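Subject: Structure for you to look at

Hello,

Here is the structure I said I would pass on. My notes on it follow below.

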Amino acid sequence: MKRYCILTFVLLCLASITFAQGLRHSVCVVKPELSDADKMFMGDYALYIARAGMTGASRAITGYKSGESFGSGVVVEQNGKKYVLTNLHVVGYAEQATLVFQLHEKNVRYPHCKVVNAGSTDLAAIELPAGSEMIALPVYNGTIEEDISIVAAGFPELAGKPSWQMTRGIISNAHVDLDSREHATRIIQHTASIDPGSSGGPLLLKNEAGRYEILGVNTWKAFYREGVGLAIGKEDVQAFIASLGSPSKEARAELEPLHSLSGEEWLYVFRQLPDSIRQRIKETDWHLPFDQALMTLAIRDSLVAANNGIGAKHYKKSSTHVVTDMECNNQFRIVYDNYLGKNQQVGIQFGHDWGGYVPTGLEVTSFLLDPPTGSAKPLYAGVLFGVYLGGQVPIAVGTHILVPNVTQSAKAGPLITGSFGGSYAITTDTRIGLNWYIPAGSCHFVAGLHYDMNWLWTETALNSTPYTTTKLGSTTFNQFLQHGIGVNIGVAW
């Protein structure tokens, strides 16, 4: 009897090892393959989609562009051919993918496998090479009910790399109703742990014979709730597998409308749409990150068609045009003014461009007045603190932006003449200038030239002759009028 129990235990262990090893023959890592041209196209759009306020889509596009994105997949069979079933958002817009099966003794890689089908739900299929020894799993045909035990398998990220993971849980909701997901007729909610990288991996049930069957494809995780994984149910999975081998749209065919526009031109089109429509596009659910960009063009075309083509030029970005939004609205600049050799000022400005047309901000300036040659008068210096307000019209010229502007500042601060001496200065500057914005990644380098007319009031008679004097009580103020030119350099983000 004792020997029988030991033998039974050994056989169960061996069976468990066999099933686990067999599951590794059925679940794999999916890595989309993109050409350099595709990566350049996506890098261009990622920047401008982020500037449109769609940061989630931008991050997803950047993941495809980096070539480091991956997900999971499971082997299925249809009409004698083997395919890896995964999520459409895992392969994205790739025409090919690398499949990696991490077996206990080795890794088996299948590079350049063709993406053959992309469904209306978030599903895609990749064809395995003929003769592959990987094991296809069947789809469960029974009724899915709450509280049954399930297993999620896949390759979530660990230390930046895909790592095999099997987790257990139960079905917590056999039929989740999400109205916003119009294509997914059934979604299963479960408690098995899934993480980024698990997308495309199978949700499994072990049958009476101890074999795994597919209940669904893990697709979403509710990060704001504990133990909530969501999988596309077996009904959609079965329908999708049945379609394998039949003609279907290519995963990336619908991107063609975007290839005729640069990311900057697309952003211009997006910003010409009414505010309510732009907000609706941002809030629309999507399977793939370019869906919102494509929706922008579709709405533009419908608006032009409804207007019988009138106003189509409204959406065409010319090489030279007024910029409706500066995008990089925060400013930090160093400003230098020279008042015809009599006075020099160096200051820093930190400000913001409201809508691109109204610059405001804070300014701190130090100024220096050189004594006339041979004069015994002291060198005067001071520190001024103040604010500025202005107006400008940004004009795009190619990829650069020229900004004619007028600003008015008001500043005050102490004079330093060897000692503070209680003396102070008040000044106001009128600057008329032209700034040049040069794209530098996610920000702009700024350089500018301006004319400055400066009014300066002080109790002290400085090294130059006052324009006029004003008496206030017992105090006489010297008023100076100065003209000069200046330059500024800085960064906008």
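What share of the contacts in the chain with a separation of 6 or more comes from residues 24 or more positions apart? The share is 64%, where contact means heavy atoms within 4.5 Å.

Before the rest, the conventions. This is a predicted model, in which local features need pLDDT of at least 70 and side-chain atom pairs count only at pLDDT 80 or more, while totals for chains, interfaces and linings use all residues. Residues are numbered from 1 along each chain as its sequence is written, and side-chain values use heavy atoms, with hydrogens and water left out.

Overall

The chain has nine helices and 25 strands; these are DSSP runs numbered from the N terminus, with helices (H or I) of at least four residues and strands (E) of at least two. Of the 493 residues, 47% are buried (under 20% relative accessible area; exposed is over 50% and partly exposed is in between, with a 1.4 Å probe and protein chains only). The chain exposes about 24100 Å², and carbon and sulfur atoms supply 59% of that area. Accessible areas come from the Shrake-Rupley method with a 1.4 Å probe, and for residues only the protein chains shown count as cover.

Helix pairs

Two pairs are described here. Axes are lines fitted to C-alpha atoms, for helices over the stretch in contact, and angles run from 0 to 180 degrees between N-to-C directions.

Helix H8 (residues 275-283) packs on helix H9 (residues 291-306) at an angle of about 150 degrees, and their axes are 9 Å apart. That angle makes H8 roughly antiparallel to H9 (over 145 degrees; under 35 is roughly parallel, 65 to 115 roughly perpendicular and the rest oblique). H8 and H9 cross in a right-handed sense, the near helix being turned clockwise from the far one by less than a right angle. On the H8 side the contact is made by Ile-277, Arg-280, Ile-281 and Lys-282, and on the H9 side by Gln-292, Met-295, Thr-296, Ile-299 and Leu-303. By class these are five nonpolar, two polar and two charged residues (Ala, Val, Leu, Ile, Met, Phe, Trp, Tyr, Cys and Pro count as nonpolar, Asp, Glu, Lys and Arg as charged, and the others, Gly among them, as polar).

For helix H2 (residues 36-51) and helix H7 (residues 263-272), the axes come within 8 Å and cross at roughly 25 degrees. H2 and H7 are therefore roughly parallel to each other, and their crossing is right-handed. H2 contributes Asp-44, Tyr-45, Tyr-48, Ile-49 and Arg-51 to the contact, and H7 contributes Gly-263, Glu-264, Trp-266, Leu-267 and Arg-271. The contact of H2 with H7 has five nonpolar, one polar and four charged residues.

Positive phi

Ala-159 is not a glycine but has a positive phi of about 55 degrees. Ala-159 sits in the loop between strand E8 (157-158) and strand E9 (161-162) and is exposed, at 78% relative accessibility. Asn-308 also has a positive phi, near 55 degrees. Asn-308 is in the loop between H9 and strand E15 (320-322), and its relative accessible area of 69% makes it exposed.

Val-487

Val-487 belongs to strand E25 (residues 475-492) and is partly exposed, at 41% relative accessibility. Leaving aside neighbours within four places in sequence, Val-487 is in contact with Ile-334, Val-335, Tyr-336, Gly-448, Leu-449 and His-450.

Regards
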